[in-house]
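Colleague: Please take a close look at one part of this model for me. I would like the pocket, then the helix packing.

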Amino acid sequence: MPYPLHFAANLSWLFLEFDNLCQRVEAAARAGFKAVEVAWPYDTEATQLKEVLKRNGMEIVLINTPPGNKAKGELGLGALPMQQAEFRTGLESAVKYAKTVGCKQIHLMAGRVPVDLDRTSVTKAMETTFIENLKYAADILSKEEMLGLIEPINSRITDPHYFLNTPRQAEKILQQVDRPNLKLQLDLFHCQIMDGNLTQNISNYFSRIGHVQIAQAPNRNEPDSPGEINYSYIFNLLEKLEYQGYIGCEYSPKGSTVDGLGWLRSYWTNQDARKLPVSDEC
């Protein structure tokens with residue numbers, strides 16, 4: 001029997017009908033989710049989030065390190081030379097928050113190539129910085145039994161300045177860091193935009209994958225909306241590979257969040273049907 005998949009609502013994208021994070025947790029629980037993820041939960045007191053998660057029987061499975069100075073266009077600090085101190089401060093904040101809310105995975109954001117610099121001229125320095133910071137982070141996270149993740153973000157549609165863009169680039173960095181508690185966060189939307197060839201990318205990098213995220217390409221809507229990715233096939237592939245992590249639902253609903261969850265309700269229904277005992281009657 002295929003291994004059942006587990007889904008987490010990304011509350012930075014879903015249930016935005018509700019103003020605050022705690023309300024979104026409650027809405028996700030009502031919709032049937034058992035887990036959530038959120039990019040930057042830091043505006044909500046960790047103890048408050050912990051309480052609402054507990055009250056609703058939910059767990060939080062992923063948060064990001066702080067983005068840095070958004071006013072300066074920063075989106076992570078991991079690969080930015082001369083900002084190692086700021087990265088470590090942000091990591092400390094993320095670990096403290098994660099410990100309080102019971103989150104075991106942290107996305108260690110690489111950050112953007114500075115807009116006034118050519119990517120080619122700074123690639124080596126940024127890669128070296130990222131590797132050093134990831135080694136430091138892995139040691140900190142291992143003490144807390146946490147997993148660090150790095151995520152390639154496409155440079156064609158979403159963010160032309162982001163440093164880490166492809167699974168191949170991430171694999172090269174993870175090899176050099178060589179820490180068992182650092183994994184690949186594979187967002188299939190970004191992967192499709194940059195590489196396509198999802199079957200081979202998932203299969204080739206499967207041992208590195210710690211977390212998966214989904215959205216349709218190219219418009220980043222519900223997985224069953226019109227687009228390039230056949231998610232029924234992808235889900236079957238992940239089941240056959242016995243993927244045991246969470247799948248983050250990181251997409252922009254075309255309408256209300258709940259109305260757009262038909263694809264997930266169908267998956268859950270099919271899973272329930274698989275569990276039914278087989279009758280001996282003809």
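Modeller: The largest pocket holds about 320 Å³ of space. Bear in mind that this is a predicted model. The lining of the largest pocket counts 22 residues. Nearest the pocket centre lie W13, N64, E151, I153 and E250. By class, the lining has eight nonpolar, eight polar and six charged residues.

Now the helices. Take α4 and α5 to begin with. Helix α4 covers residues 119-143 and helix α5 covers residues 167-177. Their axes are 9 Å apart, and the packing angle is about 50°. Angles of 65 to 115 degrees would count as roughly perpendicular, and those under 35 degrees as roughly parallel. The α4 and α5 pair is therefore oblique. The crossing of α4 and α5 is right-handed. On the α4 side, the contact involves E127, F130, I131, L134 and K135. These meet K172, I173, Q176 and V177 of α5. Five residues of this contact are nonpolar, one is polar and three are charged.

The other pair is α8 and α9. Helix α8 runs over residues 231-240, helix α9 over residues 262-275. Here the angle is about 45° and the axes lie 13 Å apart. So α8 and α9 are oblique to each other. The crossing of α8 and α9 is right-handed. Helix α8 contributes F235, N236 and E239 to the contact, while α9 contributes W263, Y267, Q271 and R274. That contact of α8 with α9 divides into three nonpolar, two polar and two charged residues.

Notes. Residues numbered from 1 in each chain as written. Predicted model: local features only at pLDDT ≥ 70, side-chain atom pairs only at ≥ 80, totals over all residues. Heavy atoms only, no water. 1 Å grid on protein atoms, 1.4 Å probe; cavity = no way out; pocket = protein on both sides within 12 Å on 5 of 7 lines; lining within 4 Å. Points joined across faces, edges and corners; volume = space filled by probe spheres on them. Nonpolar A, V, L, I, M, F, W, Y, C, P; charged D, E, K, R; others polar. Axes fitted to C-alpha atoms, helices over the stretch in contact; angles between N-to-C directions. Helix = DSSP H or I, 4+ residues; strand = E, 2+ residues; numbered from the N terminus. Parallel < 35°, antiparallel > 145°, perpendicular 65-115°, else oblique. Left-handed = near helix turned anticlockwise from the far one by under 90°. Contact = heavy atoms within 4.5 Å.
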